[in-house]
Amino acid sequence: MSIIAVVGNKGGTGKTTLALNLAAGLSRRDSVVVIDADPQQSAYQWRLVGGDGADLPAVVAAAHGLEQTVAALRETHRHVVIDCPPSIKAPQTEVALRLAEQALIPVQPSPMDLWATTHIARILERLRPDNPRLRALIVMSQIEPRTTLSRLMPEAAAELDLPVATAALRRRAIHRHCVLEGRTVFQAGRRGSAAAAEIDSLITEILDHD
Ligand SMILES: Nc1ncnc2c1ncn2[C@@H]1O[C@H](COP(=O)(O)OP(=O)(O)OP(=O)(O)O)[C@@H](O)[C@H]1O
Ligand SMILES: [Mg+2]
C-alpha cells in the first residue's frame, strides 16, 4: 500500500496531469485510485469526460473528509494518488502530507518556481515529526529542452533543498489533447508513447525506493 501526494504551491505546474497519468501508469501493474482533494475538482472532471467505459483509474472527489476517504480506499487499493490544491498550506495538502509516503512536487522551469520550493522544503521539514516516512521528490514539469532555462534546470535543481527526480516531464501537446479526450497518455497510442515513457521512468524511480 502506498499513498502518493501530488502537491505544490503554484497553480498550473502540472499536478493534476501528473496525478492522473501516474495513476494510469501504476494501474498497469497494481490497483490504483485517485483522490481529487482539490476543490476545483479538475481530476474528477477529467475522469467524467472519459465516461463510464474508459480504461482509466477511478477518481474519487474528496475535498472534505480526506482522511476518512483515504482510510476507506487504502484497504482495497495498492496505491492511492492524491491530487492536491495549488497551496502547500491548504488543509487538504496538510492532511495529504501527513498520510503520504511519497510527495511529488511538479516544478516548471522558471527561477520563481525553483525559489518557491525552498518554502515547500521548510513546510515539509516542519511536518517531518508527524510523518517521518515521507519522501519528497521534485519532478521537473513542462520542460522545453530547446530553451536556455530548461537547459539550466539540472544545474539549478542541484542547489535545491529537496531531491529532484531523474525522470523529467517534457512539455508535450499530447497532455492537453488527452484532457479534452478524457484519457491519459497511456490510452493515446503512439501519440502518447514518449510522454508515457517519461511517466513510466518516474514510476520506476518511485517504486525502486519501496
Ligand atoms: N507536460 C506537459 N506538457 C504540456 N502541457 C502540460 C503538461 N503538464 C500539464 N500541462 C497542461 O498545463 C495546464 C496545467 O496543468 P494541470 O492542470 O495539470 O496543473 P495543476 O498544477 O494541477 O493546476 P492547478 O494548480 O490549477 O490545480 C493544463 O492545461 C495541462 O494540460
Ligand atoms: Mg490541479
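A polar side-chain atom of arginine 176 lies 3.3 Å from a nitrogen atom of ligand 1. This is a predicted model, where local features need pLDDT of at least 70, side-chain atom pairs count only at pLDDT 80 or more, and totals for chains, interfaces and linings use all residues. Residues are numbered from 1 along each chain, chains are lettered from A and ligands numbered from 1 as written, and side-chain values use heavy atoms, without hydrogens or water.

Two further polar contacts (N or O pairs within 3.5 Å) reach oxygen atoms of ligand 1. Threonine 16 places a polar side-chain atom 2.8 Å from one oxygen. For glutamine 40, the distance to an oxygen is 3.3 Å. The protein covers 83% of the 630 Å² of accessible area that ligand 1 has on its own; areas use the Shrake-Rupley method with a 1.4 Å probe.

Now the shell. It holds 17 residues, and Lys15, Thr16, Thr17, Arg170 and Arg172 come nearest to ligand 1. Near means a heavy atom within 4 Å. One shell residue is nonpolar, nine are polar and seven are charged. Here Asp, Glu, Lys and Arg count as charged, Ala, Val, Leu, Ile, Met, Phe, Trp, Tyr, Cys and Pro as nonpolar, and the others, Gly among them, as polar. α1 (15-26) and α7 (173-181) each supply at least two shell residues. α1 gives the most, with three. Helices are DSSP runs of H or I, at least four residues, and strands are E runs of at least two.

Ligand 1 takes up the space of the largest pocket. More than half of a molecule's atoms must lie within 2 Å of the grid points for it to sit there. A pocket is an open set on a 1 Å grid over the protein atoms alone, with protein on both sides within 12 Å along at least five of seven lines; lining residues have an atom within 4 Å of a point. The largest pocket has about 550 Å³ of space. Its lining counts 27 residues, with Gly12, Gly14, Lys15, Thr17 and Gln142 nearest the centre. α1, α2 (42-50) and α7 each give two or more of them. The lining divides into eight nonpolar, twelve polar and seven charged residues.

There is also one cavity of 30 Å³ or more. In a cavity a 1.4 Å probe fits but cannot get out. The largest cavity holds about 60 Å³. Gly8, Asp113 and Ile120 are among its lining residues. β5 (102-107) and α5 (111-127) give two or more residues each, and α5 gives the most, with four.

Notes
A polar contact is a pair of N or O atoms within 3.5 Å; within protein, one must be able to donate a hydrogen and the other to accept it, and residues adjacent in sequence count only if both atoms are side-chain atoms. Grid points are joined across faces, edges and corners, and a volume is the space filled by probe spheres set on the points.
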